[in-house]
Amino acid sequence: MISVIIPVTLLLGIILIKRIPFIGGEIRIGLVVAALSALILGGIYSPVEWMKAWLSGIDRISWVMALALFGSIYAESQITMGTMETVLNSLRARFGRSPRGLIVTVIIGLTIAGSLLGDAIAAAAVIGVLVITIMYEMGMRPEQISASIVMGSCLGSIMPPISQALFLSASLMGLESPDPVLNIGYFTALIGVFLISLYITRCFIKIPALPDHLIPEKRAGQILKEGWKTLIPLSVLIIIIVLRSGFGIELLNLVNPLFAPIKDVPILQGIDFAVVKAIIVVTLISYFYAPVRKNGLQVLKRGLSNVKTSLGIQACAGFMIGAFYAAGQIQAVQSFAQGLSEHVLKIGGALSLMLVGMLTGSQTYSPNVDIYFLWTGPAGHRRRPC
């Protein structure tokens, strides 16, 4: 186990000890150092083998990286064409005519934004700017506003269709299809939305009625009538995913010939994944809209900019994953974990996921570190993916 303990210790040390000159707190460097130390401890000294391990690791999570990339571009196209504004304003007009109704609308808006962006930070940035003033004028304290935005955004980032955490976890566990995981994700996220909405409305909202200027002048039907065109790409994405997950109808078979050339190409094959293809299709539909078409280059630039940090971390995590497989650390963990109680491993693993996520602030980093270890031990030994 020393070959596992040393890389993980180096990894956590670099990430958590920010006083280390030049590299302290840098997740990507920590992942690369952990990968290199794992390879050296495993007796692999050839840079060529290191590169092979890196490419192998990236290939394992290539569809997650493709999802993050194309999902970010899609999200920017929806922001540019006003989809989120239409959704939020229509929800406000329909449900936001009372203090509690308005805060529930805000939480739903944050959840929808998070589900489209796939990232809590992006959702908080996009929707938070629109709702902070409203929440402040409702008498909420700054810490209550912050907590509400964080809770809604985090739930949204878990909610499919663009949930990096769910897709990454399914990929790391080797599931052929993430659909069962996504279906559970919808259910659990919706329960979370209900619970935090109940908590916020009961504990944070004290005013009996909304100020007149916070009550929308237009009705929900009028807002939807004016902005229904902006909802077409989102509706197409929902239809594709619902038909696929709920009824087994695969509309994307129509575009499969276009993706056939890359189907078996390492790393590029990540693009040939159902949800990624659906996002590409609706993004192309979005480019028929004048605001997106006229700002097409900026949409691409902002989409790439928003996801470059996440992609960098995932690329380095791919190196660590490939290194652990190539150097035998996965097998070492499996052998060690077989002697542990199944319940101890599950509870310890859950706490580890929360702790690492809390310390790093990343919903993709902790799965990269912990999921393989959990899945190779008793927690996964009794239920291997089909």
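Patches are made of residues with over 30% relative accessible area and no salt bridge, where like charges are joined within 9 Å and nonpolar side chains (Val, Leu, Ile, Met, Phe, Trp, Tyr) within 5 Å; a salt bridge is a side-chain nitrogen of Lys or Arg within 4 Å of a carboxyl oxygen of Asp or Glu. The structure is a predicted model, in which local features need pLDDT of at least 70 and side-chain atom pairs count only at pLDDT 80 or more, whereas totals for chains, interfaces and linings use all residues. Residues are numbered from 1 along each chain as its sequence is written, and side-chain values use heavy atoms, with hydrogens and water left out.

The chain has 20 helices and zero strands, where helices (H or I, at least four residues) and strands (E, at least two) are DSSP runs numbered from the N terminus. Of the 386 residues in the chain, 48% are buried, the term buried standing for under 20% relative accessible area, exposed for over 50% and partly exposed for values in between (1.4 Å probe, protein chains only). The accessible surface comes to about 18,700 Å², and 68% of this surface belongs to carbon and sulfur atoms; such areas come from the Shrake-Rupley method with a 1.4 Å probe, and for residues only the protein chains shown count as cover. When contact is taken as heavy atoms within 4.5 Å, 76% of the contacts between residues at least 6 apart in sequence join residues at least 24 apart.

On the surface, a nonpolar patch is formed by Ile238, Ile239, Val242, Phe247, Ile249 and Leu251, with about 550 Å² of accessible area together.

Rings of Phe, Tyr and Trp (its six-membered ring) pair if their centres lie within 6.5 Å, and planes under 30 degrees apart count as stacked, over 60 as edge-to-face and the rest as tilted. By this rule there are two aromatic pairs. Trp54 and Phe319 are stacked, at 4.3 Å centre to centre and with 10 degrees between the planes; this pair links distant parts of the chain, with Trp54 in helix H3 (residues 47-60) and Phe319 in helix H16 (residues 296-327), 265 residues apart. Trp54 is partly exposed at 24% relative accessibility, whereas Phe319 is buried at 2%. The ring centres of Tyr199 and Phe204 are 5.4 Å apart and their planes stand at 70 degrees, so this pair is edge-to-face; Tyr199 is partly exposed at 42%, and Phe204 is buried at 10%.

A charge sits over a ring if NZ of Lys or CZ of Arg is within 6 Å of the ring centre and within 35 degrees of the ring normal. The charged end of Arg60 is placed in this way over Tyr325, 3.8 Å from the ring centre, and that of Lys277 over Phe259, 5.6 Å from the ring centre.

Ser286, in helix H14, is buried with a relative accessible area of 0%. Apart from neighbours within four places in sequence, Ser286 is in contact with Ser77, Gln78, Met81, Pro233 and Val292.

Most residues other than glycine have a negative phi. Phe22, however, has a positive phi near 70 degrees; this residue lies in the loop between helix H1 (2-16) and helix H2 (27-41) and is exposed at 87%. Ile267 likewise has a positive phi near 70 degrees, and is found in the loop between helix H13 (256-259) and helix H14 (274-286), where Ile267 is partly exposed at 31%.
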